[in-house]
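Colleague: Could you take a close look at how the side chains pack in this model? I would like one connected account that I can follow on screen.

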Amino acid sequence: MNYKHGFSLKSLRSKENPKWRLHVCWLGMKSRCDNPNNKQFKDWGGRGIAYDPRWAVFENFAADMGEPPEGMTLDRIDNDGPYCKANCRWASRKEQSRNRRMNRYLELGGRRMTIVEWSESLGVKSRLLRVRLNRGWSVERTLTTPCA
């Protein structure tokens, strides 16, 4: 199978090829959105996550996103939004873990952060914040009561 502009599947699969990582990201995105046999389909395509129709062509995806920086992977800024130039970025694993549907966000004083982000900001363990919330404490009391 040959791609436009001289790309071939064999040459793209070579880890020495600078486009290899980008191509792997693109294939993963397409599979999660399009392939019902993909284990992750239910969390992407199965819940309506799609990609920009231009991105069906690898070269368009590559032109919009550029090469992934070392240690970064493809991330959607709005977890419920599509894969498109305006909604995608290269993010670290830490950034991605903070951009998941399962995260619980707390808001206080106009600041909205995950429990882990609040724990880092306040210098307390996230487990303590979760225990307080599970005991029925308000967000304000949870975040403003000093540790004993």
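**The packing, close up**

Modeller: Along the sequence, the protein follows the pattern α-α-α-β-β-α-β-β-α-α-α. That comes to seven helices and four strands. Both kinds of element are DSSP runs, numbered from the N terminus: helices are H or I with at least four residues, strands are E with at least two.

This is a predicted model, with residues numbered from 1 along each chain as its sequence is written. Local features need pLDDT of at least 70, side-chain atom pairs count only at pLDDT 80 or more, totals for chains, interfaces and linings use all residues, and side-chain values use heavy atoms, leaving out hydrogens and water.

Confidence comes first. The score is pLDDT, the predictor's confidence in each residue, from 0 to 100. The protein averages 86, and 86% of the residues score at least 70. Helix α3 (residues 58-65) has the highest confidence, with a mean of 96. Helix α1 (residues 9-13) has the lowest, at 53. Where pLDDT is low, the predicted coordinates should not be read in detail.

Now the interior. Of the 148 residues, 37% count as buried. Buried means under 20% relative accessible area, exposed means over 50%, and partly exposed lies in between (1.4 Å probe, protein chains only). In soluble globular proteins, nonpolar side chains tend to be buried together. A nonpolar core here is a set of buried Ala, Val, Leu, Ile, Met, Phe, Trp, Tyr and Cys residues joined through side-chain atoms within 4.5 Å.

The largest such core has 17 residues. Met29, Trp55, Phe61, Met65, Leu74, Tyr83 and Trp90 have the most contacts inside it. Helix α2 (20-34), helix α3 and strand β2 (88-91) each supply at least two of its residues. The largest share, five residues, comes from α2. There is also a second, separate core of eight residues, with Leu106, Met113, Ile115 and Leu129 among them.

Start the close view at Met65. A contact here means heavy atoms within 4.5 Å. Setting aside neighbours within four places in sequence, Met65 is in contact with Trp55, Leu74, Cys88, Arg89 and Trp90. Arg89 sits in strand β2. The C-alpha atoms of Arg89 and Met65 are separated by 7.5 Å, although the two residues are 24 apart along the chain. Arg89 is partly exposed, at 30% relative accessible area. By the rule that leaves out residues up to four places away, Arg89 touches Met65, Thr73, Leu74, Asp75, Ile77, Glu95 and Asn99.

Next, the rings. A search of the whole structure finds two aromatic pairs. Rings of Phe, Tyr and Trp (its six-membered ring) pair if their centres lie within 6.5 Å; planes under 30 degrees apart are stacked, over 60 edge-to-face, and the rest tilted. Trp26 and Phe58 have ring centres 5.4 Å apart and planes at 65°, so they are edge-to-face. This pair links distant parts of the chain, with Trp26 in helix α2 and Phe58 in helix α3, 32 residues apart. Trp26 is buried at 4% relative accessibility. Phe58 is buried at 1%. The other pair is Trp55 with Phe61: centres 4.9 Å apart, planes at 85°, so edge-to-face. Trp55 has 0% relative accessibility and counts as buried. Phe61 is buried too, at 0%.

Ala62 belongs to helix α3. Ala62 is buried, at 11%. Its C-alpha atom is 8.5 Å from that of Trp26, 36 residues away along the chain.

The charged end of Arg76 sits over the Tyr83 ring, 5.0 Å from its centre.

Last, the hairpin. Strands β3 (residues 105-108) and β4 (residues 111-114) run antiparallel and are joined by four bridges. Strands pair if DSSP finds at least two bridges between them. Two residues lie between the strands, and Gly109 takes a positive phi near 60°. Tyr105 stands opposite Thr114. Arg112 lies over the face of Tyr105, at 3.9 Å from the ring centre. Thr114 is buried, at 3%. Beyond its neighbours within four places, Thr114 is in contact with Arg98, Asn103, Arg104 and Tyr105.

Conventions. A charge sits over a ring if NZ of Lys or CZ of Arg is within 6 Å of the ring centre and within 35 degrees of the ring normal.
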